[in-house]
Amino acid sequence: PAGYTAAIYASRANLNPVLIQGLQPGGQLTTTNDVENYPGYPEGVTGPIMMEDFKKQAERFGSKIVFGTVTEVILSKTKGDVHKIIVDNKEEIYTKTVIISTGASAKYLGLESEKKFMGSGVSACAVCDGFFFKNQDVVVVGGGDSAAEEATYLAKLCKKVYLLVRKDEMRASQIMQKRVFDTNNLEVLFNHETIEVMGDKTVNSIKVKDTKNNQEKIISASGFFLAIGHTPNTQIFKNQLDMDSVGYLITKPDSSITNLPGVFASGDAQDSIYRQAITAAGSGCMAALDAERYLSELD
Ligand code: NDP
C-alpha cells in the first residue's frame with residue numbers, strides 16, 4: 001500500500017516514478033484474506049484484489065512497474081546528488097529521490113526442527129498454504145491479530161486448530177479474540193510454548209510445554225503456522241540510513257524524511273506501531289509529497 005500510493009502520487013505529479021516490486025508484489029497484503037477496515041470497500045475486499053487495484057491505479061498515471069529485487073543501494077549524502085540503486089545485481093538505476101516501502105517479513109521461532117520442515121508443514125502464511133491442510137489438524141503460534149486471523153481462517157478449512165499463546169492472554173483486538181473464542185473447532189492453549197516440530201518427511205506432531213506446570217505434551221498435527229510478528233525489510237540500508245535496534249527506519253517526526261537527502265521511508269519499513277494498510281498508504285502519500293518538495297527545492 002505504501003509503495004503503490006507513493007507511485008500514484010508521484011506519477012500524478014509527473015515525477016516519472018519507477019516502482020521496483022520485489023519478490024512479493026503487493027507485499028504482506030497479498031497474504032491476507034479479508035480486509036474489512038480499509039475505507040472505500042464497504043463490503044470488504046481480499047488483500048490480493050486490493051493490491052491489484054492499487055497497482056492498476058498507479059499504472060493509470062504512468063508509473064513504470066518493474067519486476068525485480070533491489071540487491072544494493074549506494075545512497076548519496078549530498079543534497080541534489082544522485083543515488084544508485086542496483087536491481088538483481090545487474091541493472092543500475094540513478095535517481096535523485098528514493099522512496100523506501102520495503103515492508104516487513106514474518107518472524108520464525110528459530111527452532112532447528114522448524115527450519116527442517118519449512119515448506120513441508122511449516123508455514124507463516126495461512127492464506128497461502130492453508131489449502132494443503134484441508135480437513136487436517138494444525139497448530140498456530142501467536143497471540144496478536146495475525147494469529148487470530150490465521151487461526152480463524154484455518155478453522156474454516158481444517159478439522160481442528162490449536163492456537164498456542166505464550167502468555168495467559170492474547171494481544172489481539174477484542175473483535176478478533178471474540179471470533180477466535182466463537183469458533184468451535186479452534187482451541188486456545190494459553191501459557192504454551194513450542195518445544196519441537198516433529199515428523200518424518202512432513203510434519204505429523206508438535207511437542208509443546210505448558211509453562212505453568214512445565215508439563216510437555218504432543219499434539220498431533222500436520223501443519224504448523226507461525227503468526228508471531230514481523231521484521232522490517234531494511235537490511236540493504238544498514239550503515240547508510242538511521243534505524244532503530246529492530247531495523248525500523250527512523251524518519252523525522254511528521255514526515256517521511258530519513259537522515260539522507262532525497263531518501264524517504266514509508267509503510268511498515270518505518271512503522272513499528274500502526275502497521276495497517278491505511279496508515280501505510282497514508283505514509284506512501286507523505287513520501288511522494290516530501291519527494292516532490294525536495295525536487296522543487298533543488299530547482
Ligand atoms: P504482534 O506483534 O501484534 O503480535 C505478535 C504475537 O506473537 C504476540 O502475541 C506475541 O506474544 C507472539 N510472539 C512473539 N514472539 C513469539 C515467540 N517467540 N513465541 C510465541 N509467541 C510469540 O504481531 P501481529 O502480526 O499479530 O500484528 C502486527 C500488527 O498488524 C498489529 O498492529 C495488528 O493489530 C495488525 N494486524 C491487523 C489485522 C487486522 O486488522 N485485520 C490483521 C493482522 C495484523 P506476546 O503478546 O506475549 O508478546
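# Fold and parallel sheet of a predicted model

The protein chain has seven helices and 19 strands, both taken as DSSP runs numbered from the N terminus (helices H or I of at least four residues, strands E of at least two). This is a predicted model, where local features need pLDDT of at least 70, side-chain atom pairs count only at pLDDT 80 or more, and totals for chains, interfaces and linings use all residues. Residues are numbered from 1 along each chain as its sequence is written, and side-chain values use heavy atoms, with hydrogens and water left out.

User: What radius of gyration does the protein chain have, against that of a compact globule?
Analyst: The radius is taken over C-alpha atoms, and the globule rule is 2.2 Å times the number of residues to the power 0.38. For 299 residues, a compact globule would come out near 19 Å. The C-alpha atoms fill a box of roughly 65 × 40 × 35 Å along the principal axes. The chain's own value agrees with the globule figure: 21 Å.

User: What share of the residues in the protein chain is buried?
Analyst: Buried means under 20% relative accessible area, exposed over 50%, and partly exposed in between (1.4 Å probe, protein chains only). Of the 299 residues, the buried share is 47%.

User: How many bridges join β11 to β12?
Analyst: Strand β11 covers residues 137-141, and β12 covers residues 160-164. The two run parallel. One of the partner pairs is V140 with L163 in β12. The bridge count is five.

User: Which residue of β17 is the bridge partner of V139?
Analyst: Four bridges join β11 to β17, and these strands run parallel. For V139, the partner is F224.

User: Which residue of β17 stands opposite S123?
Analyst: β10 (residues 122-123) pairs with β17 in the parallel sense, over two bridges. Opposite S123 stands F225.

User: Which residues of β17 point the other way from G223 and F225?
Analyst: In a regular strand the side chains alternate between the two faces of the sheet. Strand β17 spans residues 223-226, and all of them are buried. G223 and F225 point one way; the other way point F224 and L226.

User: How many residues of β11 are buried?
Analyst: D137, V139 and V141 point one way from β11, while V138 and V140 point the other way. Both groups are buried. β11 is mostly covered, with a buried count of five of its five residues.

User: In which sense do β14 and β15 pair, parallel or antiparallel?
Analyst: β14 (residues 192-199) and β15 (residues 203-210) share seven bridges. A hairpin joins them through three residues. V197 has I206 as its bridge partner in β15. The sense is antiparallel.

User: Is N16 buried or exposed?
Analyst: N16 is found in the loop between α1 (2-12) and β1 (18-20). N16 and K64 are 48 residues apart in sequence, yet 7.5 Å apart in space, C-alpha to C-alpha. The relative accessible area of N16 is 66%, so N16 is exposed.

Technical notes. Pairing = 2+ DSSP bridges.
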